[in-house]
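Below is a short briefing for a reader who has not seen this structure before. It goes through a helix pair, a chain contact and a single helix in turn.

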Amino acid sequence: MIIDARHAVAVARVFFYKTAMNFIALQMLFGDRGKYIAMIVGITFAALIMTQQPAIFLGLISRTYSYVGELSLPDIWVMDPTVDFVEESKPLRDTELQRVRGVPGVAWAVPLFKGLLTVLLPDGQRKIIDISGVDDATLIGAPKIMLQGSLADLRKDDGIIIDANAASERYSITDSATGKKRPLRVGDVLEINDQRSVVVGIAKLDRTFTTQPLAFTTYARAMRYAPGQRRMLTYILVKAKPGADVEQVAADIRAHTGLTAYSKDAFKIVNRQYWMKNTGIPINFGISVFLGFLVGAAVAGQTFHSFVRESLKQFAALKAMGVRNTTLVRMVMLQAAVVGLIGYGIGVGLSALFGTAVAGSVLAFYMPWQLLIFSGGGVLLIVMLAALLSIRAVIRLDPATVFRS
Amino acid sequence: MRAVPEPAAAYAVECHAITKSFGDKESRVVALRGIDLAVRQGEMIMLVGPSGCGKTTLISIIAGILRPDSGQCRVLGTEIARLSPAAAVDFRARHVGFIFQSYNLLPALTVAENVAIPLIINGIERATARGRAQALLAEVGLGDRADAMPQQLSGGQQQRVAIARALIHEPQLIVCDEPTSALDHVTGEQIMGLMRKAVHERGATMVIVTHDNRIFPYADRIAHMDDGHITDIAADSGV
């Protein structure tokens, strides 16, 4: 019992000691307000750049396959073997559709036309439009979310559905009655390749990487709009039978038809890889992130190092009075951790605010939780570097320096 | 309060043939060349001498901050050179109080928090330590400045805080480095009076390094040092 009581007292003393020394460490940190703010600013800047820039990058990259994601029903995309990305139109023979339908494991297969055409807007503007022609019978491939009108309206004469972003931005027109700009709306009459078309719906769609405004109509009508060619079928959208392995069905389609078939996820990766390889985007954003890390590390690291160096006299006094190196190291680590945590929180918060502010705009922004771990790792690295540099000085500190004025 | 040690009979500090040098062969500087010194418990001794004579090195060894190259230094019955670095740190925490020339108060802590530090280091809960610090501050005439920040105090007041900090954990040995060099004559006398009182009331042993001959009369003995040797030890009247 006596041993237990002594042990309890010893544990309590250690607890009191640690909490009080942590308090002293924090008071030292907050007491040097100028350096404290400079360190927070440095870490905030680094966290902001390391979160916001990759979030923009991820947002942009996710747009490279946003069109594939829009079409939720198909499991497999079948295309010409030379297609590199979804906007690349390399038509197939119409007969390929029947061949694909004959592959074991295929529940259904529908055609999809996709191509760039010229559109004449009601106010006389000529624009490029990215037309998708979906299966006339099932309308598979049409948008999921309608803001005005309905999918069934596609069956009306000359009906097309327009992307809401395009309708309000690039396809906004000057109203003949008022003379003011207004979004394209249901009932407006367009000409696509000199063929009459009527807006029957406005759909909510994710923006694409190529930024071409999207429009949807039936496959048969798209054939009418598009310049006549021997081959018109761009993609075949396939649903695997229930219980079938999608990747295996895709492999079977490849084997039976000689065409390329990707599962939806694999096709997304193909699109992403194409733009990653063929543009300087990853390098440019990588440089931004690296510079953010460097500047943040330099500002926060240097300021923290200077803060600790200027506190060495205080650490020496504590050391002389009987504070062990392990405690001093813990104090420095705590100071670094607090600065890192606060700076990281502000930086990530600012990034999130930025993301909220640009949501729905032309600016891309996608901040998954993995990105927070990435930027958190970067901040941790900065903080650890700063702390390690400073800890060395604290450990090597000679307490006898307190006797030198 | 800790019991007052037996007077005269026991020595708080017993140094024999202490040597200490710094640097490598070519840049080697010998600071102490065989120091013999005994300080009685409850005694106030001053180490005086020109700059570079080894005074600071000697109190650093006595305080357990530096290890001698050779010789023995027994402090409060403990052979200080034989302690492990961690044990030396613990020894200082429990048994040694420090008063520095430049006070070395932590600017981000209040006066009371500064005074409480040695108790905190010894595992006393912060609120309790602060309460005791406030009581001690009242004893040194700063009861109303407990919540002030150090930079709001005059030099003399800061040194009083440093004295309170050195006394609060009731150490048996207090080492002081030039405690009055930054103070005017009147304040210096007040500080020495306070320190003298602390020695007498608490029975603590005090080793003071000083150049300030105005405070010599407060010492029980004065050890004169030169070139790493103690050249003379005398009562204050002898200097």
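**Briefing**

The helices α2(A) and α11(A) cross in a right-handed sense. The model is predicted.

- Helix α2 of chain A spans residues 33-63 and helix α11 of chain A spans residues 325-358; they pack at an angle of about 40 degrees, and their axes are 7 Å apart.
- Because of that angle, α2(A) is oblique to α11(A).
- On the α2(A) side, the residues making the contact include A:M39, A:I43, A:A47 and A:T51.
- On the α11(A) side, A:V339, A:I342, A:I346 and A:F354 are among them.
- By class, the residues of this contact are 14 nonpolar and 9 polar, with no charged ones.

**Where chain A touches chain B**

- The contact involves 25 residues of chain A and 27 residues of chain B.
- On the chain A side, α1 (2-31) and α10 (312-320) each supply at least two residues.
- The largest share, 12 residues, comes from α1(A).
- The side of chain A that touches chain B has 17 nonpolar, 5 polar and 3 charged residues.

**Helix α3 of chain B**

- Helix α3 of chain B, residues 111-121, is mostly covered, with 11 of its 11 residues buried.
- Among the buried residues of α3(B) are B:E113, B:N114, B:P118 and B:I121.
- Just after α3(B), B:G123 has a positive phi of about 85 degrees.

Terms used. Residues numbered from 1 in each chain as written. Chains lettered and ligands numbered in written order. Predicted model: local features only at pLDDT ≥ 70, side-chain atom pairs only at ≥ 80, totals over all residues. Contact = placed C-beta atoms within 7 Å. Helix = DSSP H or I, 4+ residues; strand = E, 2+ residues; numbered from the N terminus. Nonpolar A, V, L, I, M, F, W, Y, C, P; charged D, E, K, R; others polar. Buried ≥ 20, exposed ≤ 12 C-beta atoms within 10 Å, placed from the backbone. Axes fitted to C-alpha atoms, helices over the stretch in contact; angles between N-to-C directions. Parallel < 35°, antiparallel > 145°, perpendicular 65-115°, else oblique. Left-handed = near helix turned anticlockwise from the far one by under 90°.
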